[in-house]
Amino acid sequence: MPFSRPIAIITHPHCLAHDTGGGEHPETPDRLTALLARLETLPIKDRLSFLEPRKAERCWLTTFHDEHYLFRLEESALSGKTYLDHRDNQLCFESYEAALLSAGAGLTGIDLLEGEENLVFCAVRPPGHHAESNLALGFCFLNNCVLAARYWQQQYGRRRILILDFDAHHGNGIQSAFEEDPEVFYLSLHEHPTFSFPGSGYAEEMGTGPGRGATLNIPLPPRADDQMVLNALVKRVEPALAAFAPERIIVAAGFDGHRDDDMSGLAYSTELYGKFGEYLAVWAEQFCQGKLLSILEGGYHLESLAAGAAAYLTALSNYSTEE
Ligand SMILES: [Zn+2]
């Protein structure tokens, strides 16, 4: 019998109420619906528990976002505006609360991880990794991963946090938050910025000042496949992890690198997300007493998003330390 580990899935119905205007917008409530429906069909489904997050409190939002931006976000949503900063960032009346719950999912997840839980997956939207301290960008409003890292440090005294981002796009907001910070290592695999949104994430961007060396960007050419990623995991990611020795790991889990997802030119298979799960389970065990927080980022082709998340969670759950 394969040993199957429990995973806490944090999600909230209100995440579906964040309406991006329908029509052509790719960041739709259907993404979350498809993902959650798939989880119901998995062989590991009995090991999944579903919990609701709290809303992120103001004092945690301001560990990254500036007050004026937060006011602008709240005011835009509640006053009936249809977008913030750029037409990509569509919002509605419910979006502010959905963003607070998405950000809060990471915090709720960390509370669980500092207790009995080992594996937490936040199935939330809006996503976060493009959000800057004072700017909404790329469908993102609050930077869920950045806020989670700050919470882990300030609430629980965990110092060395690794954020591993396997979304197809560079998480510019995460990088800018921690560029000068040697205690949060940002590691991203993404399509090369010459070809891809948001245009940052060159290999030369390695952090600045005291944070120099605590940012690792691994840009991949269009049509990069599983083998290129697996090589990078062994040759680049593993040594960086061993050198940094994180106390805790946060995964920015985006599934838009799949070959069927036209939001990127990457050509990952569904199985690659299972490989990410296997590696991360090993690293969590090696460095973090098995604790791992994953937060949903992109993934716009509904079938590959659902299948990728299923493969990732199945691999995390089936990982065993016993031979
Ligand atoms: Zn993306």
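Trainee: What should I know before I start?

Mentor: Residues are numbered from 1 along each chain as its sequence is written. As the model is predicted, local features need pLDDT of at least 70 and side-chain atom pairs count only at pLDDT 80 or more, while totals for chains, interfaces and linings use all residues; side-chain values use heavy atoms, without hydrogens and water.

Trainee: Is D167 buried or exposed?

Mentor: Buried means under 20% relative accessible area, exposed over 50%, partly exposed in between (1.4 Å probe, protein chains only). D167 is buried at 1%, and H169 is buried at 6%.

Trainee: How do I read the core?

Mentor: Nonpolar side chains tend to be buried together in soluble globular proteins. A nonpolar core joins buried Ala, Val, Leu, Ile, Met, Phe, Trp, Tyr and Cys residues through side-chain atoms within 4.5 Å. The largest one has 100 residues, and F121, I163, F166, I250, F255, L293 and Y312 touch the most other members. Helix α8 (residues 270-288) gives the most, with nine residues; helices are DSSP runs (H or I, at least four residues), and strands are too (E, at least two), numbered from the N terminus.

Trainee: What is the strand order of the open sheet?

Mentor: Two strands pair if DSSP finds at least two bridges between them. The eight strands run β2-β1-β5-β10-β9-β6-β7-β8, with parallel pairing.
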